[in-house]
Amino acid sequence: GSRGEICEMTTDFGGQNMYQPLRRVLVKRPDETFAVQDPDRWNYLARPDLEAAQWEHDAMVETLRQSGAEVHDHDAPQPDRADAIYVYDPLLVTDHGAVVLSMGKDLRRGEEQALAQRLQDLGIPTLFSLEGDARAESGDLLWLDESTLAAGIGFRTNQEGVTQLRAGLEPLGIDVLAFELPYFTGPEACLHLLSLISVLDRDLAVVYPPLMPVPFWMEIEARGFQLVVVPEVEFGTMGTNVLALGPRSCLVLEGNPRTRRGLEEAGCQVLSYRGQEISLKCEGGPTCLTRPLLRRA
């Protein structure tokens, strides 16, 4: 539909998949909080340059708009929460409302409520919230199909988080399949399930198999996914972190030529953005920087 139609659907939300056309999406523009004085504390490679980061983010947002998405800004101040620009993680959006998660990275605790409030302002109700010791981040949650959510258990998402997600989602007909993630480089780094895979169509995914839980690999094999394998040299530059703008239409971080070629050979239309500041320095690619609110054919 045209941009006009999309704007009229402002109470619409949902899309329990990773690849249908992106109609509404939320982002958070980098601000002073993101340009951290102490990159080590946040496990950033270097201190981001704020002006360059804002330029990169604005250009990425323009690409999202050009692709037909209505872009909403999460402009609530998040003092001392540098990672708040990675709006994907604090919430899970379902066809029934938002699930408010509980961040496994202590420095990110508190982002969840601010984001849930912003979604409520946009007409997206809260379905339920994780409580107590439950931890889960959306970076560990992947829709395999409309009624199957894969969850990675690791340093950011724990068994109690999965247990509470199951209890809240199974009555809605959603199965939650859990898979244990490897230690890799330890608790400070960010290895999410989505660090290893992005789904770009009903039957297409970009993957990095060496770190995948074997049962998860077998699950995607059994589902008949065609796989674009990211070479090791591009795993470090987030070759696996790809945002679907629609089926086989996607946004990648600039500078992953082999992954890009593999995607194009699989029939994908590939757009790229420059993410020197907003991605490479800080461990967050295009899927992390965006919170899809509505995906619909």
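## Strands at the core

Two strands count as a pair if DSSP finds at least two bridges between them. Helices (H or I, at least four residues) and strands (E, at least two) are DSSP runs, numbered from the N terminus. In this predicted model, strand S1 (residues 22-27) and S15 are antiparallel partners joined over four bridges, with Leu-26 opposite Arg-291 in S15.

Strand S15 covers residues 291-295, and five of its five residues are buried, so the rest of the structure largely encloses it. Here buried means under 20% relative accessible area, with exposed over 50% and partly exposed in between (1.4 Å probe, protein chains only).

## Aromatic pairs

Rings of Phe, Tyr and Trp (its six-membered ring) pair if their centres lie within 6.5 Å; planes under 30 degrees apart are stacked, over 60 edge-to-face, and the rest tilted. That rule gives six aromatic pairs. In one of them, the ring centres of Phe-179 and Phe-216 are 5.1 Å apart with planes at 70 degrees, so the pair is edge-to-face. Because Phe-179 sits in strand S8 (residues 175-180) and Phe-216 in helix H5 (residues 214-222), the pair ties together parts 37 residues apart in sequence. Both Phe-179 and Phe-216 are buried.

Tyr-208 and Phe-235 make a stacked pair, at 4.1 Å centre to centre and 15 degrees between planes. Tyr-208 and Phe-235 are buried too. Elsewhere, Phe-34, Trp-42 and Tyr-44 form one aromatic cluster.

## Reading the numbers

Residues are numbered from 1 along each chain as its sequence is written, and side-chain values use heavy atoms, leaving out hydrogens and water. Local features need pLDDT of at least 70 and side-chain atom pairs count only at pLDDT 80 or more, while totals for chains, interfaces and linings use all residues.
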